[in-house]
Amino acid sequence: WIAHLTLTGLRIFFNFYIAEKILLLIYVIGTPYVFYKLITFINPKNTNFGVILILPFIYNILFYLGFSSFSLSILFYLLTVYYWLKIRTNLNSRKVIILFCLICLTYFSHIIFFVVLLFSTALISFVNYLTKTINFKCFIKESLFLFIAALPSICFLFSFLNSRSFISNEENKYLPSIEILKDIISLRILNVFSITDEIIYSRILFLLLFLLTVIALFKKIKIHESIKFKFSIFDKIWIFLIISILSIIFLIPGSNDYITLRLIIIFFIIYITWLSFQSYSKFINYTLFFITLFVSLSLGYKHFKITSSLNKIAKEFENASNYIEPNSIVLPIKNSDSWFDGHFGNYLGANRNLLIPDNYEASKDYFPVVWNEEEIPNLTIGDSLMSNCLYWKSNFNNKKKTIDYILIWGNNKYNDCLEKI
């Protein structure tokens, strides 16, 4: 909900287009800054360029697809983990209230990152207790304060889960493990518009991450009668998180491919966090800096060229809205092969009061905006009701009301349904 609420607040002072840019800037600027604060807190002596690893992952495929709330959940997850690390040894009521607010922001951004946050913060205290960094009394105190701060959001979580109808076991489908592995190794989450053109850069970045992992592990090897790894407390916490998230990716059903994509993004956010607070030689530092910068700029340039053309299309929708009377009913119909303009029709109502009956979010019960089922009329095109080939929100039990405008976009040949319209 957080993106909706933020945009609603910003719309009080700005038009939609400026409000949207401010929302995106909060994520694009805030995430690398908080990531830097987290890394330098974990390793204050860290002078390497590892923090730059976050840059290409900010511009992942879900960010470009408009998953603003999920994108903001990355920022709030990192911020909350950083704040918990900072205050856990010196807790008081004021700090717990701030922690409560941060946890709520994460929950209302995205439920998956919220669950990962609860696991991460609890794990930090538990591992510190197991390694005798804190005694049992301190562990109980930390756990109690964390539970109090998270309790309202946990109640929201159970309430949400209780209201949901989940897919039965017979209908659950697991994505092939080899496909998931390919997505991870190829860093599919960074391939936005064209896998063919972009995959070379994402593979270079994955190779860099792999080599950094080998170097980091090699530096922790201690040979004394036998080979042992010497891990710090933070190493143990983040390695356990990495293994846990990676296991979940392969074990849960992938009936919705976006769930798998979200989990892969979470995995890499945690993975690069661990890589970034390691210590590297000056040569490795400069190597990772220039390779990451090269990949980020290369992908950014390719994405910019395409988003510039998409922006022109969005502006056409804005211009088209000037020909529509306020408070009209407008039915947008997509007739193109592009999978990136599917919701462009909603731009018609960005700065004008219009009813757009194909708003899919209002048809889902987990978004903050829902249809008024009792009041929405029986919408028709002339005397025609909804057909088998076109769908729009309507209530057949109410009085008929004709759709005022139809906007069709795309260069495909009209099918029988569009010809009839």
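Student: Which residues line the largest cavity?
Tutor: Leu23, Leu24, Tyr27, Phe63, Ser68, Ser71 and Leu72 line the largest cavity. Keep in mind that this is a predicted model.

Student: Which elements give two or more residues to that lining?
Tutor: Helix 2 (16-42) and helix 5 (68-87) do.

Student: How does the lining divide into nonpolar, polar and charged?
Tutor: Five residues are nonpolar and two are polar.

Student: What volume does the largest cavity have?
Tutor: The volume is about 30 Å³.

Student: And how many cavities of 30 Å³ or more does a search of the whole structure find?
Tutor: One.

Student: Switching to the surface. Which residues make the nonpolar patch?
Tutor: Ile12, Phe13, Phe14 and Ile18 make a nonpolar surface patch. Its area is about 450 Å².

Student: Where is Phe13 found?
Tutor: Phe13 is in the loop between helix 1 (2-10) and helix 2.

Student: Why does Phe13 count as exposed?
Tutor: Because its relative accessibility is 65%, and exposed means over 50%.

Student: Now Leu241. Buried or exposed?
Tutor: Leu241 has a relative accessible area of 1%, so it is buried. The cut-off for buried is under 20%.

Student: Which helix does Leu241 lie in?
Tutor: Leu241 lies in helix 11, residues 233-251.

Student: What separates the C-alpha atoms of Leu241 and Ser298?
Tutor: A distance of 30 Å. Along the chain, Leu241 and Ser298 are 57 residues apart.

Methods: Residues are numbered from 1 along each chain as its sequence is written. This is a predicted model: local features need pLDDT of at least 70, side-chain atom pairs count only at pLDDT 80 or more; totals for chains, interfaces and linings use all residues. Side-chain values use heavy atoms; hydrogens and water are left out. On a 1 Å grid over the protein atoms alone, a cavity is a set of points where a 1.4 Å probe fits but cannot get out, and a pocket is an open set with protein on both sides within 12 Å along at least five of seven lines; lining residues have an atom within 4 Å of a point. Grid points are joined across faces, edges and corners, and a volume is the space filled by probe spheres set on the points. Helices (H or I, at least four residues) and strands (E, at least two) are DSSP runs, numbered from the N terminus. Ala, Val, Leu, Ile, Met, Phe, Trp, Tyr, Cys and Pro count as nonpolar, Asp, Glu, Lys and Arg as charged, and the others, Gly among them, as polar. Patches are made of residues with over 30% relative accessible area and no salt bridge: like charges are joined within 9 Å, nonpolar side chains (Val, Leu, Ile, Met, Phe, Trp, Tyr) within 5 Å. Accessible areas come from the Shrake-Rupley method with a 1.4 Å probe; for residues, only the protein chains shown count as cover. A salt bridge is a side-chain nitrogen of Lys or Arg within 4 Å of a carboxyl oxygen of Asp or Glu. Buried means under 20% relative accessible area, exposed over 50%, partly exposed in between (1.4 Å probe, protein chains only).
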